[in-house]
Amino acid sequence: MVDAGIHWTLPKEYFIKINVHSFYLDDPLLNGNRSGIGIVFRNDRGTLVRMIAGSLRIQGRRLNELYAMQYALRRAFFENYNLLELETDHGEAYWEWMRSNEEGVRPEHQSVVRQLNARQDDKNLALDVTVINEESNLLAAYLAEYGAHHWTSMIIIKGIFGRVQELWFNDMGLGPVDPQFQAIHEEDLVETDNDGDIVNAGFEANIAVVLEPVVDQEMV
């Protein structure tokens, strides 16, 4: 299926949505990487439940994207996610997979496409695969870029970092992440005088440190 929408959308009730993105460079980065892959798992509330980023030693973006989708489905299997919506912004990889039984595939793609077809044929798995606009896939694209520059293997990420919160908030319509829009608990307020000494620490006069603003949501 092809979705021409320009915004990320929630999956169906009880489904996990997986967004994948990859790229390939003719000239390697300083760390030797030529590819980047980003994978994002979100539930039907839009909550981030898993992120994966890194690089594979694969030649070509289409093959990278096929392996990104296969890697995402493998991760979903181990996490016991059986209701899935898989989204990619690489139409050529999508169509090669979807038309593989009728038109065949490139010889170097046969192995990964065979594995993708095996996941699609799993009677225990409900799987919808969609091609989306790049503007609907910005978080996965960011992870691919970050992963390529920082890691030479695939890394499972457990926390929110960098621009992840900004891009996630944008997808969900939650507004800016600028500090002025972030609320903190009243008891965590700390005021100082001109010398930097604490003069007011909210309800707790003995607090001696400035606490960081509360993150709205942690990954599970």
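In strand 6, I155 is the bridge partner of A53. Helices (H or I, at least four residues) and strands (E, at least two) are DSSP runs, numbered from the N terminus. The model is predicted: local features need pLDDT of at least 70, side-chain atom pairs count only at pLDDT 80 or more, and totals for chains, interfaces and linings use all residues. Residues are numbered from 1 along each chain as its sequence is written, and side-chain values use heavy atoms, leaving out hydrogens and water.

- Six strands form an open sheet in the order 5-4-1-2-3-6, with mixed pairing (two strands pair if DSSP finds at least two bridges between them).
- Strand 5 (126–131) and strand 6 stand at the edges with a single partner strand each, so one side of each has no neighbour in the sheet.

**Around strand 3**
- Strand 3 (residues 48–54) is mostly covered, with seven of its seven residues buried (under 20% relative accessible area; exposed is over 50%, partly exposed in between; 1.4 Å probe, protein chains only).
- Strand 3 runs antiparallel to strand 6 (residues 155–157), joined by three bridges.
- Strand 2 (residues 35–42) is also antiparallel to strand 3, through six bridges.
- G54 in strand 3 is the bridge partner of I37.
- Five residues separate the strands of this hairpin, where G46 takes a positive phi near 90°.

**Confidence**
- Mean pLDDT is 86, and 82% of residues reach 70 or more (pLDDT is the predictor's confidence in each residue, from 0 to 100).
- Confidence is highest in strand 4 (residues 83–88), at a mean of 98, and lowest in strand 8 (residues 198–200), at 53.
- Where pLDDT is low, the predicted coordinates should not be read in detail.
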